[in-house]
Amino acid sequence: PTLICPISCSRLLEVARLAAGDKECAEAMVSTGLLRVVVNDVARTPRCPSTLPIAVDLLREAAGHQVPRVGFCLLECGCVEALLNLLAEGVNPAQQVDGAARVHAIETLKGLESDVEAGSHVAARLAGSTVWENCKGQRHDLFLATGGSGSLMLTGPSSLDVGNGPQRSTL
């Protein structure tokens with residue numbers, strides 16, 4: 001049973017996700033066991049739709065640092081399997097939250113697979129997965145809602161040029 005309401009939980013996860021963007025904080029999340037708790041939360045069912053994309057994005061941020069302690073921690077606590085199970089469940093791409101979680105899961109697995117130290121172990125676990133074979137080459141924008149700026153905030157920076165307004169053609 002959860003003692004924290006979903007709103008408080010998602011706010012706490014958001015703070016942790018922001019902290020995971022810092023290499024030293026990501027390493028501290030290994031020492032304190034926070035990454036293991038987040039992986040366990042992603043692995044459990046039923047999943048909380050309000051916290052799932054934040055939790056998976058936290059894992060993506062932490063995995064992106066290429067820090068051996070982080071990569072091996074995520075590998076040992078079952079992150080690869082938890083994310084493959086999430087992808088295997090056929091997350092509904094029509095729902096913004098689930099689409100964002102799916103994108104973050106794919107990016108996290110790609111980040112772990114490219115990890116200098118843990119990458120070969122991750123690649124070995126992904127090698128026989130038909131789920132991974134079906135997901136790894138998919139375009140991410142197929143799973144994201146395009147309903148406004150709120151959906152863009154869930155996915156991080158993009159390559160879209162949104163700051164210059166409409167462009168005129170000179171044809």
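Buried means under 20% relative accessible area, exposed means over 50%, and partly exposed is in between, with a 1.4 Å probe and protein chains only. By that scale Ala123, at 27% relative accessibility, is partly exposed.

A word on the source. This is a predicted model: local features need pLDDT of at least 70, side-chain atom pairs count only at pLDDT 80 or more, and totals for chains, interfaces and linings use all residues. Residues are numbered from 1 along each chain as its sequence is written, and side-chain values use heavy atoms, with hydrogens and water left out.

Ala123 sits in helix α8. Helices here are DSSP runs of H or I, at least four residues, numbered from the N terminus. Helix α8 covers residues 119–127, and Gly119, Val122 and Leu126 are buried in it. They span an arc of only 65° around the axis, so they lie on the same side of α8. That arc is taken from the directions from the helix axis to the C-beta atoms. Ser120, Ala124 and Ala127 are exposed, on the face turned away from the buried side.

Now salt bridges. The rule is a side-chain nitrogen of Lys or Arg within 4 Å of a carboxyl oxygen of Asp or Glu. The count is nine. One of them pairs Asp57 with Arg17, at 3.5 Å, N to O. Asp57 is in helix α4 and Arg17 in helix α1, 40 residues apart. Asp57 is buried at 5%, and Arg17 is buried at 14%. Arg17 also bridges to Glu61, at 3.8 Å. Which residues form the network of salt bridges? Glu14, Arg17, Asp57, Arg60, Glu61 and Glu107.

Terms used. Helix = DSSP H or I, 4+ residues; strand = E, 2+ residues; numbered from the N terminus.
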